Each structure stands twice: as structure tokens, then as C-alpha cells.
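Trainee: I would like to learn how to read a structure step by step. Could we go through one together, beginning with the whole and then turning to the parts?

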Amino acid sequence: MKVLKISLIASIVCSTLLGANAFASSHREAPNITRFPTLDSTDFYVFNSYEAGREDYVTLIANYIPLQDAYGGPNYYAMDPAAVYSIHIDNDGDAIEDLTFQFNFTNELANNNQGIALTVGPADNQRSVSVPLKNIGSITAADQSAANFSESYELTLVKGPQNSGSATALTNTSGAMFHKPLDYIGNKSFGDSSAYASYAGQFIYEFNLDGCASPGKVFVGQRKDPFVVNLGKTFDLVNYVPVEGDSAPGAGDQGGFPGGITQSVDNDDLMDKNVTAISIEVPKSCLTTQGNGTIGAWTTASLPQARILNPNAKVGKTEVNGGALTQVSRLGNPLVNELVIGLKDKDTFSTSHPKDDTQFADYVTHPSLPELLNILFKDAVNQTLGTNIETLAPTNFPRTDLVTAFLTGFAGVNQLEMVTPSEMLRLNTGIPAKSRDMQSAFGVAGDDLAGFPNGRRPGDDVVDIALRVVMGRLCYPIPVNGTDTDLGLCTSDDASVGNVPFTDGAPVDATMMMDHFPYLATPLSGSK
């Protein structure tokens, strides 16, 4: 067990450097994907379900459409009906998907796509005129007749590679279609937050899986963005001192690093943002049909290769799409494309597949982010502390410890049965989940084996973990069962500031989420 925990601690540190390598999640992470916001994956979560009574399930959540302003009307945030949104699972370690849950969306206006119309004008000069809004009155769990727009989706399971495997349509156990709730337009439309929650809750469905004794669950809809980050200042050349300014987080005593940032919800730039979540919950036994009980997972979004625009666009007929399905977005561990992959290769990563990830090896063995932080802060640190530190960046090259975490996983912990170098979010389904109130936001580093990087839960604070790791926390002893343990991967001489409590000052924990599927909190209202 001690060896297991040591390996897991190593995994949290290394995997964070690579999978959550700095300050923000994957919002607008590559040049090309900024042109396709409906296909932009923001976060990906895979964890053993911690809802009471659901211990034999795994939850996978893929968030899309970043930085949603709740008031973003009148059209809000529909999914792209030409796209294919996918959640992939590799359960044998060849870095090729063995299972893919595939989502295809359809958008439709009321009245057979003609929309709701009002009769306008006097009796002798009336016209039936289509309304410009997505609803014409209040919407409740019991009465949705005022909705002028709806989204439905088909859910398909592909066994084997997505482009050549065997596809089976998954059906709602009730026999109805799968639908997505309207976004939280505002309280005049939906009442209050609890009323919207009741409305949205009707869109949680069970679905049948061939050969699986129990059904899965699915929900697609708007949620409060669960990611917490000091986004604006971070990308302004880290425009704050990224070290804890209190003696302990939240102490309020300014007893930490002089001028260092302190913990506050005001530091969360995503506090007023929503996302669209694609959430599924599947029995573990149906995901681990081969291999050793550990799975690798990632999400992608794809479009047909060709799009011809209709010069006389009409509802449902804005373009013609055709050709081979082409991947334009990819996300496993957070931050890989955003802050690990170089700008010239970001679009390449978005279109690549895990089996081909050795092409990005230099970004792992010789990461640039520590060097950037050294350039930004070395002189200021030396001046503040009266020191003469030669470099703040770790000096152990090549970073073979990171290769293990980023591309192979750790044997006996989160390594799949076959070892193929690849970037995936890895989950050991055999490690029991912890209830929401027992979770540590620091995951394995907080003595919580059910947390990041053993998968990733919405309440895992990958940002603070990442900041500390990227600057060399791995090179110092790590507490294991209360005992400082040297992992032997590098030494304190390799990381001059590896024991410094780096932070972005924006705290997150599991209590900010729900304790049941689909876990992410009710979205913010567009109007009070």
C-alpha cells in the first residue's frame, strides 16, 4: 500500500505538470478552435461516482462552449448539429479507443420548424408573424409549451475505433427521445434557481447498453462552469505574485510570501460563466471489459471535412456538410494544449490521436513553462528575499519523470495493461470513491486516492497543484501517510523553489458541486 501511495503521489505531481500544467483549463486553447466555439472542449472529468448507492459506476463529463455569459441572448448556446461530440475510452492501453459514446444533435423550432407565430394587426389587416425569441412565456417542469426552440440528440456507442468500429444506437429506457433543456434564460422565464433545477432534472435519462446488466445515465445541458481560475491576470504575464501570501490558505494574516496572493473567490474569473456539459454515467463493468481495470479517456469534437454555405440560408438549411469526419478539438488532461504544447503545434494537437503523441515528446522532456516563470519572476524573488538564486526553473533534464506520468502512467496505479505512450486522463476504477464531504481538493497529494490524477473530479484543484509541481515539488519529499517520502525522481538541488506554496489565489472544492449525477451545479441565471 505504501508503494501504491508513493506511486500515486508521483503521478499527481508529474501528471499535473503535463495534464494541468499551469493556470487555466482548456478554454480557447488553440488558434483554430477559437473559430469553432461550439466545438471547443473546456474541461474533461472522469471519476468513480460518489453519489450514494452509485459506487459501481464511473462518471464522465465533457464540457463545451467556453466562457458563456448567462445573459447571452437571444440565441444563447446551442450545440452544432453538424458536429459529432465524442467521449472515448481505451481499456487495454493501445491508445486507440475501444468504446466511444457519440452525440449528434438536432435543433428544431416549434410547430414543425416553423416557429411560434403571433397574429398581429387589426381584423382587416392581420399577419401571422414569427416571434424572434426562444420562448414566449414562462417554462416550468410541468409546462414547456412556451418554448420556441428545442434540441434533441442521438446517442451511439461505437465499439472499436470510432471511424471503423461497430456502431449501436443507445435508447432511452422510457422509449422517448433524448432532449437537452433550454439554457437558463432568466428567472422571469423559469422562476428561480430551484425551479430551473427541477425543469432541467427532467432531462436526465437512463439508457440501455447491450450486454450490460444495468442502464447508464445521460444528461446534456447548461451548467455553472466548475473550473476556478485567475484567468485574466494569469495570461497577462502572470500579473500577480503566484505564491500564498498567508501563513496558511485563508488565514488572513499576511504571514506568507511578501506581497503574495491570498485565497478569495474574487480571484475566480469564471465565477460568472456557464458551460454546456455532456455527462454520462456507466457501470464500471461495462467500461473495463478488457485490461486491468484502469481506463484512459478523452473527449473530441469533429466536423465533416467540407462545408458549403447556403447563400440564401433558411432555418435548418444554412449549409451542406460532407466528406470524412475530421477532428477539430481534443481534451484529456487539462491544460495540455493550452500551456504545454507550443503555439505552432496547438492545432496539430487538436487534430491528433493519443497513439501518435510521441511527436510531442520535446514539450514533455523539456517543458517551456518553468523557463517562462523564471524569466518573469527570478529577479523579483532575489530582490525580495535578498537571495542569489541562479534559476527558479527545475534543472533535471530530460524530464523522464514527466514522460512516465504524461505518456505511460505508473505501474500498479494508473497504468493500463498495455503501455503505449499517449496523453489520456487515466482512472483506476478499483479505487473506491470518496463522498463529497470527504474529498480533498488536492486529490492524491491530499491523501485522497480517489482524486486527481487518478481521474479528475470537478472539485479537484488542479491549478494550485500544477503551479507547485511545475516548479519542482516532485524533487522534495512528499508526505505519504504522514511521513515525508523521497520519490527518488529528482533532488532538491534540481528545484530551487520546489517547496514553495504556489497558487493562483482562486480556491475550489467539491462542496461547490452537487453530490449526485450530473454533479455540476445549476447554471447561473441570465436575469434575476
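**Reading the model from the outside in**

Mentor: Let us begin with the surface: the accessible surface of the protein comes to about 21,300 Å², and 52% of that area belongs to carbon and sulfur atoms. Please keep in mind throughout that this is a predicted model.

Trainee: What does the model have as its average pLDDT, and where does pLDDT stay under 50?

Mentor: The average pLDDT of the protein is 91, and 94% of the residues score at least 70. Residues 1–24 are the stretch where pLDDT stays under 50, although the model has 114 contacts for them beyond four places in sequence.

Trainee: Which radius of gyration would a compact globule with 528 residues have, and what does the protein have?

Mentor: A compact globule with 528 residues would have a radius of gyration near 24 Å, and the protein has 24 Å, which agrees. Along the principal axes, the C-alpha atoms fill a box of roughly 90 × 50 × 45 Å. Of the 528 residues, 56% count as buried, and among contacts with a separation of 6 or more, 70% are between residues 24 or more positions apart.

Trainee: How many helices and strands does the secondary structure come to?

Mentor: The count is 12 helices and 17 strands. Among the buried residues of helix 12 are Val462, Asp464 and Leu467. Just after helix 12 comes glycine 472, which takes a positive phi of about 110°.

Trainee: How should I read the pairing of strands in a sheet?

Mentor: The general idea is that strands of a sheet pair through backbone hydrogen bonds, either parallel or antiparallel. In this structure, 5 strands form an open sheet with antiparallel pairing, in the order 1-2-12-11-10. Strand 1 (41–48) and strand 10 (205–207) are the edge strands, each of them pairing on one side only. From one strand to the next, the twist averages 20°. Within this order, strand 11 (residues 216–224) and strand 12 (residues 273–283) run antiparallel and are joined by 8 bridges, and phenylalanine 219 has serine 279 in strand 12 as its bridge partner.

Trainee: Which strands are joined to strand 13 by bridges?

Mentor: Take them one at a time. Strand 3 (residues 84–90) runs antiparallel to strand 13 (residues 294–314), with 7 bridges joining them, and isoleucine 87 has threonine 299 in strand 13 as its bridge partner. Strand 15 (residues 425–428) is also antiparallel to strand 13, with 4 bridges between them, and here threonine 294 stands opposite asparagine 428. Strand 14 (residues 317–331) pairs with strand 13 in the antiparallel sense over 11 bridges, and the partner of leucine 303 in strand 14 is threonine 326. Strands 13 and 14 form a hairpin with 2 residues between them, and glycine 316 in the turn has a positive phi of about 80°.

Trainee: Is glycine 323 buried or exposed, and what does glycine 323 touch?

Mentor: Glycine 323 is found in strand 14, and it counts as exposed because its relative accessibility is 63%, where the cut-off for exposed is over 50%. Leaving out residues up to four places away in sequence, glycine 323 touches Pro304 and Gln305. Its C-alpha atom is separated by 38 Å from that of valine 129, which lies 194 residues apart from it along the chain.

Trainee: What phi do isoleucine 65 and leucine 237 have, and is each of them buried or exposed?

Mentor: Isoleucine 65, in strand 2, has a positive phi of about 65° although it is not a glycine, and isoleucine 65 is buried, with a relative accessible area of 5%. Leucine 237, in the loop between helix 5 (231–235) and strand 12, has a positive phi of about 55°, but leucine 237 is exposed, with a relative accessible area of 60%.

How values were computed. Residues numbered from 1 in each chain as written. Predicted model: local features only at pLDDT ≥ 70, side-chain atom pairs only at ≥ 80, totals over all residues. Heavy atoms only, no water. Buried < 20%, exposed > 50% of the residue type's maximum accessible area, 1.4 Å probe, protein only. pLDDT = per-residue confidence, 0-100. Contact = heavy atoms within 4.5 Å. Pairing = 2+ DSSP bridges. Axes fitted to C-alpha atoms, helices over the stretch in contact; angles between N-to-C directions. Rg over C-alpha atoms; globule rule 2.2 N^0.38 Å. Areas by Shrake-Rupley, 256 points an atom, 1.4 Å probe, with all protein chains shown as cover.
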